[in-house]
Amino acid sequence: MGIALLIASIKPIQHYYKMSIPTVDAEIDVSAYQPFTLGNKVIKPDTKASLQLTESLPRLDGATAMYPLYAAFVEATYPKGDYQPDTSRVQVSRTPEAYQNLIAGDVDLIFAAAPSTSQEWQAEKEGLTFDMTPIGREAFVFFVHHKNSVARLSR
């Protein structure tokens, strides 16, 4: 009976152990980066941007992970306004939806990773080609637990 109880308790113990390990949330709180909101986390340059848009504002969309970047662009170059991330000229969605919106003509510019083969094919089917400007490169980032002795040695 004792062995059966021990075996039955292995799964719950493993579950609680895994839940006790701190993790990093991959999602970004887009409300924290919404342009022109009080106390947002948008990086602000020391000087005013030389480009100031006043009319014919480009409709933007992009990957959630890129939102802090293009929210900073909006705050630096667009006129002050209410740019709700789901109903304004500055939207935020995931990469596949951003490409769909671009191909459909619902947005003018997206901030996202390079298109997949199927996204390029969909654009070609609509008679479109992407004009891409790289603004960064991807990299591997490793997070280690603070008790990891290898990480402590390499500091």
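I call a residue buried when its relative accessible area is under 20%. By that cut-off, I find that buried residues make up 25% of the 155 residues in the chain. I note here that the model is predicted.

**Entry: the chain as a whole**

I looked up the secondary structure and found five helices and two strands. Going along the sequence, I read the pattern α-β-α-α-β-α-α. The chain is more spread out than a compact globule, because its radius of gyration is 22 Å, well over the 15 Å that the globule rule gives for 155 residues. I then took the box filled by the C-alpha atoms along the principal axes, and I have it down as roughly 75 × 45 × 35 Å.

**Entry: contacts, surface and charge**

I turned to contacts with a separation of 6 or more, and 63% of them in this chain are between residues 24 or more positions apart. For the accessible surface I wrote down about 11900 Å², with 59% of that belonging to carbon and sulfur atoms. I have 14 positive and 17 negative side chains in the chain. The centres of these two sets lie 13 Å apart.

**Entry: Asp-61**

I picked Asp-61 next and placed it in strand S1, which covers residues 60-62. Is Asp-61 buried or exposed? I have its relative accessible area as 0%, so Asp-61 is buried.

What does Asp-61 touch, if residues up to four places away in sequence are not counted? My list has Tyr-70, Gln-91, Val-92, Ser-93, Glu-97, Ala-98, Asn-101, Val-107, Leu-109, Ile-110 and Phe-111. I checked two of these partners further. Ile-110 is 49 residues from Asp-61 in sequence, yet the two are 4.8 Å apart in space, C-alpha to C-alpha. With Ser-93, I found a polar contact of 2.9 Å between the side chains.

**Entry: Asn-101**

From the Asp-61 list I went on to Asn-101. I located Asn-101 in helix H3, residues 95-104. Its relative accessibility is 18%, and the cut-off for buried is under 20%, so I count Asn-101 as buried.

I left aside neighbours within four places in sequence and looked up the contacts of Asn-101, which are Asp-61, Gln-91, Ser-93, Asp-106 and Val-107. Gln-91, Ser-93 and Val-107 are on this list, and I had already written down Gln-91, Ser-93 and Val-107 for Asp-61. Asp-106 is also among the contacts of Asn-101.

**Entry: recap**

I end with Asp-61 in strand S1 and Asn-101 in helix H3, two residues that touch.

Definitions and conventions. Residues are numbered from 1 along each chain as its sequence is written. This is a predicted model: local features need pLDDT of at least 70, side-chain atom pairs count only at pLDDT 80 or more; totals for chains, interfaces and linings use all residues. Side-chain values use heavy atoms; hydrogens and water are left out. Helices (H or I, at least four residues) and strands (E, at least two) are DSSP runs, numbered from the N terminus. The radius of gyration is taken over C-alpha atoms; the globule rule is 2.2 Å times the number of residues to the power 0.38. Buried means under 20% relative accessible area, exposed over 50%, partly exposed in between (1.4 Å probe, protein chains only). Contact means heavy atoms within 4.5 Å. Accessible areas come from the Shrake-Rupley method with a 1.4 Å probe; for residues, only the protein chains shown count as cover. Lys and Arg count as positive and Asp and Glu as negative; His and the chain ends are not counted. The place of a charge is taken as NZ of Lys, CZ of Arg, CG of Asp or CD of Glu. A polar contact is a pair of N or O atoms within 3.5 Å; within protein, one must be able to donate a hydrogen and the other to accept it, and residues adjacent in sequence count only if both atoms are side-chain atoms.
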